[in-house]
Structures are given as structure tokens and as C-alpha cells.
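Trainee: I would like to work through this model with you, one question at a time, going from single residues to the whole chain.

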Amino acid sequence: MFKTILVALDGSGPGQAALRLALDMGKRCDAEVKALHVPHVVGDVVMAGTMPIHYPAAPSLIEEAVSHVRASMIPIASELGLQAPELIVRSGDPTQEVLRAIEEVNADLLVMGRRGLGNVSGLLLGSVTQKVQARAACPVLTVV
């Protein structure tokens, strides 16, 4: 049924549920599972009068976020008697990077959490999940 399942992880509870489901489906369908993480680490903002100046997050904070996601994959995979899948790490806009990864790995299913670590702007502008669902080249299974 599925040959390649891509699971988008952000370190949230729904992301972990998505990983568990993707690995279970991969095991049942004999499909390859790949994981994608686009760290969203907020840097500093300094106000210069009325204009905010944004500074990128320190590389150590980004690496810490990646390490957290990588480490959280191991117990979930072990529960199912599997190895943790390959983790693809990207930087940039999460929506664009998920859509790019779908094409690059030739995924025929994307699994992702319905709500992740987004902030209030996600409520106003739409979540990454909503944006990906509208534009993905494969079915998208969302997990609560």
C-alpha cells in the first residue's frame, strides 16, 4: 500500500503520536519510514525605538532541539521493536520544507500532528499542518 512514509516531527506530543502511528503503519505495510524535523527556535528580539530587531537563535539551541527530537524517537521505535528512522533536519519555513521533503523522498504518505509547538500566530494565520494539507502531493494523515 505505502512504500515511503514521511513523518514530520516538532517535539510536541502530537508529533510523538504521529511518529508512533507512522512507525506502526510502516511495520504493517513494510514501508520505509523517514522523519523530518525543522527546528523552530526563537532567537532574541531587541527593540530599537519602535522597530524590532530579530537575532537568530544560537546554533547550540538549534542543536539542542534536534537532539531532543532524535532522542525522543528511540523509545517510541523500541516499543514497536524497530530502529528509530532516519531523521532529516532542515532549516527554513516548516511548510515549505515539509513539502520539499515529500517530493525528495518520494513519500506516498505524510503523517504529522494536528497541532504542534506553534504560537498564537498559528491560530491567526493557519497552522503548518493546514498549509501542508492544502498543498501536499500525497495524502496527509493528521494525528491528535
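Trainee: Which residues does Thr129 touch, not counting residues up to four places away in sequence?
Mentor: Please keep in mind throughout that this is a predicted model. Thr129 is found in helix 5, which covers residues 128-135. Once residues up to four places away in sequence are left out, the residues that Thr129 touches are Met112, Gly113, Arg114 and Thr142.

Trainee: Is Thr129 buried or exposed?
Mentor: The relative accessible area of Thr129 is 7%. Because buried means under 20% relative accessible area, Thr129 counts as buried.

Trainee: How does Gln96 count by its relative accessibility?
Mentor: Gln96 is found in helix 3, residues 94-105, and its relative accessibility is 29%. Since buried means under 20% and exposed over 50%, Gln96 falls in between and therefore counts as partly exposed.

Trainee: What distance separates the C-alpha atoms of Gln96 and Val128?
Mentor: Along the chain, Gln96 and Val128 are 32 residues apart. In the model, the separation of their C-alpha atoms is 9.2 Å.

Trainee: Where does Asp30 lie, and what is its phi?
Mentor: Asp30 lies in the loop between helix 1 and strand 2, and at 72% relative accessibility it counts as exposed. Although Asp30 is not a glycine, its phi is positive, at about 55°.

Trainee: Which loop holds Asn106, and what is the phi of Asn106?
Mentor: The loop that holds Asn106 is the one between helix 3 and strand 6. Asn106 is not a glycine either, yet its phi is positive, at about 60°.

Trainee: With which residues is Leu23 in contact, leaving aside its neighbours within four places in sequence?
Mentor: Leaving aside neighbours within four places in sequence, the contacts of Leu23 are Val33, Ile76, Ala77, Leu80, Leu82 and Pro85.

Trainee: Which element gives the most to the lining of the largest cavity?
Mentor: About 40 Å³ of space lies in this cavity, and its lining consists of Leu9, Asp10, Gly11, Ser12, Gly15, Gln16, Leu19, Val69 and Ser72. By class, the lining has three nonpolar, five polar and one charged residues. Helix 1 and helix 2 are the elements that give two or more residues, and the element that gives the most, with three residues, is helix 1.

Trainee: In what order do the elements run from the N terminus on?
Mentor: The protein chain has five helices and seven strands, and buried residues make up 38% of its 144 residues. Among contacts with a separation of 6 or more, 71% join residues 24 or more positions apart. From the N terminus on, the order of the elements is β-α-β-β-β-α-β-α-β-α-α-β.

Notes: Residues are numbered from 1 along each chain as its sequence is written. This is a predicted model: local features need pLDDT of at least 70, side-chain atom pairs count only at pLDDT 80 or more; totals for chains, interfaces and linings use all residues. Side-chain values use heavy atoms; hydrogens and water are left out. Helices (H or I, at least four residues) and strands (E, at least two) are DSSP runs, numbered from the N terminus. Buried means under 20% relative accessible area, exposed over 50%, partly exposed in between (1.4 Å probe, protein chains only). Contact means heavy atoms within 4.5 Å. On a 1 Å grid over the protein atoms alone, a cavity is a set of points where a 1.4 Å probe fits but cannot get out, and a pocket is an open set with protein on both sides within 12 Å along at least five of seven lines; lining residues have an atom within 4 Å of a point. Grid points are joined across faces, edges and corners, and a volume is the space filled by probe spheres set on the points. Ala, Val, Leu, Ile, Met, Phe, Trp, Tyr, Cys and Pro count as nonpolar, Asp, Glu, Lys and Arg as charged, and the others, Gly among them, as polar.
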